[in-house]
Amino acid sequence: MSYFGTDGIRGKFGVMPITPEFALKLGFAAGKVIKRNSKKAKPVVVMGKDPRLSGYILESALQSGLNAAGVYVHLLGPLPTPAIAHLTRALHANLGIVISASHNPYFDNGIKFFSSEGKKLPDVLQEEINQELEKDLIIDDIANLGKSVRVDDAQGRYIEFCKSTFPYHYDLNDLTIVMDCANGAAYSVGPSVFRELGAKVIAIHNEPNGLNINEGCGSTHPESLQQAVVENGADLGIAFDGDADRVILVDKDGKLIDGDHILYILATQSAKKPAGIVGTLMSNMALELALDKAGVALLRAKVGDRYVLQGLEEKGWVIGGEPSGHILTLDKSTTGDAIIAALQVLTVMVEQKKALHELVADFKLLPNVLVNVRLEAMFDPYAVPALVAEFDKAEQQLKGRGRLLIRKSGTEPVIRVMVEGDDLDEVSTLAHTLADAVRANAA
């Protein structure tokens, strides 16, 4: 049995597999695999988390399992997911572990791994861990148990790393930025990075209590950020999600700048244009048209940053991402990093001496409506003939003017219904009609 989804292991805390018992065994299994594949007598794992209350319990269970397997654990505390990826490399660790459910509500949590290179764990190691989980937890070498230590300067190390991706001869002294930290992992380091580069930062939703992560805030709920930017007369707004691997921007007028806008800016407005970028099946058709006009190739990957990364590595490109704001810049970081992605956009703003809205003035998204259908249990909509007939009918209606995408979430029991076209009313009606059909057939 495989416990891993497209982005690690995720689910509701207290329900298998996100339980203290499973986390203990997972830590032991991962530790055994790392020891077996390491030349070090005492392999090292770095572990960080977002501020969810359940994270403290999972952290204790995981480190106990790892220590029992003879692995040393460096505890980083609450930090963005990309910070753990960076520090895995910087501290020459064998493995990085993140305890987070990203943009999900507080009652969910998750566990995912980074390789020693700060990248997604190779499938072969993931499968080894799965196999080890089937075995009994037996401690056979009490003299060589591991230990756990706190890394006190983890935040400072990551802040300096983020700042290093912004050109040293530029500054943000003239900018006022409202920053929505989603009551999540970037609540402290996020504002610090931009303040140290000279910006005036007005931080909101930066007081996590373990239960308010992503609640009506962050990149999935940017309404309060839009309002705060306008009310404060700020130059722009930046919204992170719970673990700060996604970013959404807001211009001075409160208009949303999503992942497609960000890819457009980095691909066409920067002084150094890339040969190509990787988007996903969710990338708006307007991005494809704009890139073609600019002479920049677009590769559409399956939805998920794992597949965006695969596409980038196959093509030898460095910029890719998703409309949700999961942006990869592989010349700066090994994984999606919200802070670094925002800094690259700000680099273009300073470089071109333009406001954010000016950078996207010629880029207009086609109307797009996404409806998330939350289910009690996941099912395959394409296995239901009546639904397939509905999808085919919608595609014929949109032929030549738009497109339809129905996909299952890889991280939660949700089916995403996306309709895109040149008429907003038509697109909205179709999206909700199809979502209702999915919902009815799931009952």
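Which residue caps the N-terminal end of helix 8? In this predicted model, the cap is Asp258, whose side chain places an oxygen 3.0 Å from the backbone nitrogen of Asp260.

**View 1. Helix 8 and its covered residues.** Helix 8, which spans residues 259–269, is mostly covered, since 11 of its 11 residues count as buried. The N-terminal end of helix 8 is the one capped by Asp258.

View 2. Five strands form an open sheet in the order 8-7-9-10-11, and their pairing is mixed. At the edges stand strand 8 (200–204) and strand 11 (256–257), each of which pairs on one side only. Helix 6 (residues 189–196) packs on the sheet and touches strand 7, strand 8 and strand 9, while its direction makes about 170 degrees with that of strand 8. Helix 7 (residues 223–231) also packs on the sheet, where it touches strand 7, strand 8, strand 9, strand 10 (247–251) and strand 11, and its direction makes about 160 degrees with that of strand 7.

**View 3. The pairing of strand 7 with strand 9.** Strand 7 (residues 176–180) and strand 9 (residues 236–240) run parallel and are joined by four bridges. Within this pairing, Ile177 stands opposite Leu236 of strand 9. In general, the strands of a sheet pair through backbone hydrogen bonds, in either a parallel or an antiparallel manner.

**View 4. The second largest pocket.** The volume of the second largest pocket is about 430 Å³. Its lining is made up of 17 residues, of which Ser270, Lys272, Asp331, Lys332 and Gln344 are the closest to the centre of the pocket. Helix 11 (residues 338–352) supplies the largest share of this lining, namely four residues.

**View 5. Gln63 and its surroundings.** Gln63 is found in helix 2 (residues 53–68), and it counts as buried because its relative accessible area is 16%, under the 20% cut-off. The side chain of Gln63 makes a polar contact, at 3.1 Å, with the side chain of Ser148. When residues up to four places away in sequence are not counted, Gln63 touches Met47, Val73, Leu75 and Ser148.

**View 6. Ala90 and Glu117.** Ala90 belongs to helix 3 (residues 81–90), and with a relative accessibility of 36% this residue counts as partly exposed. Ala90 and Glu117 are 27 residues apart in sequence, and their C-alpha atoms are 9.3 Å apart in space.

How values were computed. Residues numbered from 1 in each chain as written. Predicted model: local features only at pLDDT ≥ 70, side-chain atom pairs only at ≥ 80, totals over all residues. Heavy atoms only, no water. Buried < 20%, exposed > 50% of the residue type's maximum accessible area, 1.4 Å probe, protein only. Helix = DSSP H or I, 4+ residues; strand = E, 2+ residues; numbered from the N terminus. Polar contact = N/O pair within 3.5 Å; in protein donor to acceptor, adjacent residues only side chain to side chain. Pairing = 2+ DSSP bridges. Contact = heavy atoms within 4.5 Å. Axes fitted to C-alpha atoms, helices over the stretch in contact; angles between N-to-C directions. 1 Å grid on protein atoms, 1.4 Å probe; cavity = no way out; pocket = protein on both sides within 12 Å on 5 of 7 lines; lining within 4 Å. Points joined across faces, edges and corners; volume = space filled by probe spheres on them.
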